[in-house]
Amino acid sequence: MAIPQSFIQELLARADVVDIVGRYVQLKKGGANFMGLCPFHGEKSPSFSVSPSKQFYHCFGCGKNGNAISFLMEHGGMTFVEAVKDLAQQYGLQVPEDDVSPQERARAAQAREQQATLTSVLEKAGIAYIKHLRNARRAIDYLKGRGLSGEIAKTFGLGYAPEGWRALASVFPDYNDPLLVESGLVITGEPGEENAQGEAKRYDRFRDRIMFPIRNVKGECIGFGGRVLGDEKPKYLNSPETPVFSKGRELYGLFEARTALREHGYALVTEGYMDVVALAQLGFANAVATLGTACTADHVQKLFRFTDSVVFSFDGDSAGRRAARKALDAALPFATDVRTVKFLFLPAEHDPDSYIREHGQEGFAAYVAKAVPLSKFMLDAAGEGCDLDTAEGRAHMASNARPLWSLLPDGTLKHQLLAEIADTVLIDSRELLQIWQPAAPHYKNSSSSRPSGKAQRPKAPENSGAMPHFEEFTGNFADLHDEGAYAGSLPMDISPARRSSGASSGNRPVRKIAGRRMSASPEDRVLRLMLTDPQSWDKLGGEEHVLLCELPAPHGPLFIWLESQLHEHGPQPWAALREGLREHPQEKYAVDQISEIPEGIECDWNEGRAILDRLLDAKLDLEQKELSDGGAETLKDPVKRQRLAFLMTRTKTRASA
């Protein structure tokens, strides 16, 4: 849905970032600003600053910064639209929905009211389960026997559902309330099972079970998982699908793991509630679990809102391999060049809980470090059951690999895996690609069967002598043959008649601003890339997003604006972005940059990637120098000390590469 920029500005003008952040972070007045412990990384001394005058937050430790909307997105894992709606609701504002009919608007309002009602019913049940646990000695002994402390039980809101068939009748005065069935707390009997009064039988869904409340990313209770105390079946029982709960979209423990995901640098996906709780107590609070279903694309996408690295943990038996295979299918479309996906296969006799208790925290961490990368697991999955010593077996593997490889997004990883598959099946990668994609213009001009790592220099336009500073330009910014897309740009010295007179792009006069070409800095080139190929933004890592958004004007504000556009509308062509830039403070600069791009240059991600690497290296080198110069002060602060060690290791790795 499109949200008018004017409404977003009005919303941010009304919202108080100190109030929003203060609901999640304990803030104390420190001069003109408020200070607190950063919610995005672990620290012992406050380095997180919130400015009431600028309505902006900034962490001097990890670099996170933004306004009230971006805080809800970063901390709550919301999309841009979700954060705007959440913030608007807090301040009593209605998000404009001009493109929605009155009937659809009414249905949406009814759905929001229903969601709020159901979550309040579930919250009330959760509180009752917690109270029951305090007096349930058998349940308490079970949790203690599993090594859980009262503190971790409190963190996850663990409770106990008593044995009775209608225990919730003491919690909800009207046990016949339809909301109890709609929320999944109560089951209605089948026809023919009526009681003496002719009423359908009703009874609690969860009885004599340890209760694990399932929360969404905003912390609202949306369902429960219940575990038996013995060996009865089913061992685990989940809430059914409801208007507020979908197993295919939610992950147990994600709300509790938000901060730990950033501290550990990865998400550990397990298969059970108890794994998550036990791992959190033993130092791995970054664990989450699927809810009795296979990992889905929605699960993976939600995790990548919080981290760039995911490790799936499975049992080493055949069932675990099958579950891993489904997770592979779900993860492949999101495996960009800046994300990491791995697969951890535990010994058959262990689950994560038992392994860490037997081998300790360090032993488990070492095992996680040996997890299988997505690339290797994909090749293993494609080659399973194939005799690679025969032509038939190799052909079978190539056939298996094709649908998997096709799921990968374009990028370096996809090119490398094409080469590895070709090597394995003993065929040239160009020939293999021609078999898979007979008409593949993106790859067919490759000069070799292996990616060379160098972007090919595009052929210079015939009149390139008029712009000597573009001689080092290596492409990747746009196919600008569609002149209509640039109708809103600044005036040019080329009339439409002259533009249409050239037989090809090489015969067209080049664009100029005020009779001369603008100098293209590295930041300019990345800006041009992002404006003409916005999907490139999703290829960047978290540090690179921060790097670009922190650049001084005009670049930083434009990157911040572009990120908000992607969250709100998804990737858009330049013509649409041009309209969105109207009245933006940096509008003229962005339009000037687009006008400077030579005609006929096709997108090439490699140049932008190389520039970003250099910019990020320079930033991190400066940070390393500042921390090194800090001397004793750096050594006293464990966060700074850990950060310096990471940067020094990174420098050594880069030097040896």
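Which side chain meets that of Arg23 in a salt bridge? I looked this up as my opening entry, and the partner is Asp19, at 2.8 Å from N to O. I count a salt bridge when a side-chain nitrogen of Lys or Arg lies within 4 Å of a carboxyl oxygen of Asp or Glu.

**Ground rules**

I am working with a predicted model, where local features need pLDDT of at least 70, side-chain atom pairs count only at pLDDT 80 or more, and totals for chains, interfaces and linings use all residues. Residues are numbered from 1 along each chain as its sequence is written, and side-chain values use heavy atoms, with hydrogens and water left out.

**Overview**

I noted 26 helices and 16 strands in the protein; these are DSSP runs numbered from the N terminus, helices being H or I of at least four residues and strands E of at least two. Of the 657 residues, 46% count as buried. For burial I use relative accessible area: buried is under 20%, exposed is over 50%, and partly exposed is in between, with a 1.4 Å probe and protein chains only. I also looked at contacts, meaning heavy atoms within 4.5 Å. Among contacts with a separation of 6 or more, 65% are between residues 24 or more positions apart.

**Salt bridges**

I found 19 salt bridges in the structure. Back at the opening pair, Arg23 is partly exposed at 45% relative accessible area, and Asp19 is partly exposed at 33%.

My next stop was helix 6 (residues 137-145), which holds both Arg137 and Asp141, 4 residues apart, or about one turn of the helix. Their side chains form a salt bridge of 3.5 Å, N to O. Asp141 is partly exposed, with 41% relative accessibility.

Then I checked Asp410 and Lys414, whose side chains meet in a salt bridge at 3.6 Å, N to O. Here Asp410 is partly exposed at 41% relative accessible area, whereas Lys414 is buried at 6%.

I also wrote down a network of salt bridges that links Arg146, Asp353 and Arg357.

In what order do the 5 strands of the open sheet stand? I read the order as 13-12-14-15-16, with mixed pairing. Two strands pair here if DSSP finds at least two bridges between them. As a reminder to myself, strands of a sheet pair through backbone hydrogen bonds, either parallel or antiparallel.

Strand 13 (287-289) and strand 16 (372-373) are at the edges with a single partner strand each, so one side of each has no neighbour in the sheet.

I turned next to strand 14 (residues 309-315), which runs parallel to strand 15 (residues 340-346) and is joined to it by 7 bridges. Val310 has Val341 as its bridge partner in strand 15. Strand 12 (residues 267-270) also runs parallel to strand 14, with 3 bridges between them. On that side, Ala267 stands opposite Val310.

Helix 12 (residues 318-331) lies across strands 14 and 15, at about 160° to strand 14. That angle is taken between N-to-C directions on a scale from 0 to 180 degrees, with axes fitted to C-alpha atoms, for helices over the stretch in contact.

**Helix 19**

I found 9 of the 11 residues of helix 19 (residues 522-532) buried, so this helix is largely enclosed by the rest of the structure. Among the buried ones are Asp524, Arg525 and Arg528, along with Leu527 and Met530.

I looked up Thr119 in helix 5 (residues 102-134) and found it buried at 7% relative accessibility. Its side chain reaches the backbone oxygen of Ala116 at 3.0 Å. Leaving out residues up to four places away in sequence, Thr119 touches Glu220, Cys221, Ile222 and Val244.

My last entry is Ser49 in strand 3 (residues 48-51), buried at 9% relative accessibility. Its side chain is joined to that of Asn33 by a polar contact of 3.5 Å. A polar contact is a pair of N or O atoms within 3.5 Å; within protein, one must be able to donate a hydrogen and the other to accept it, and residues adjacent in sequence count only if both atoms are side-chain atoms. Beyond its neighbours within four places in sequence, Ser49 is in contact with residues including Asn33, Phe34, Tyr57 and His58.
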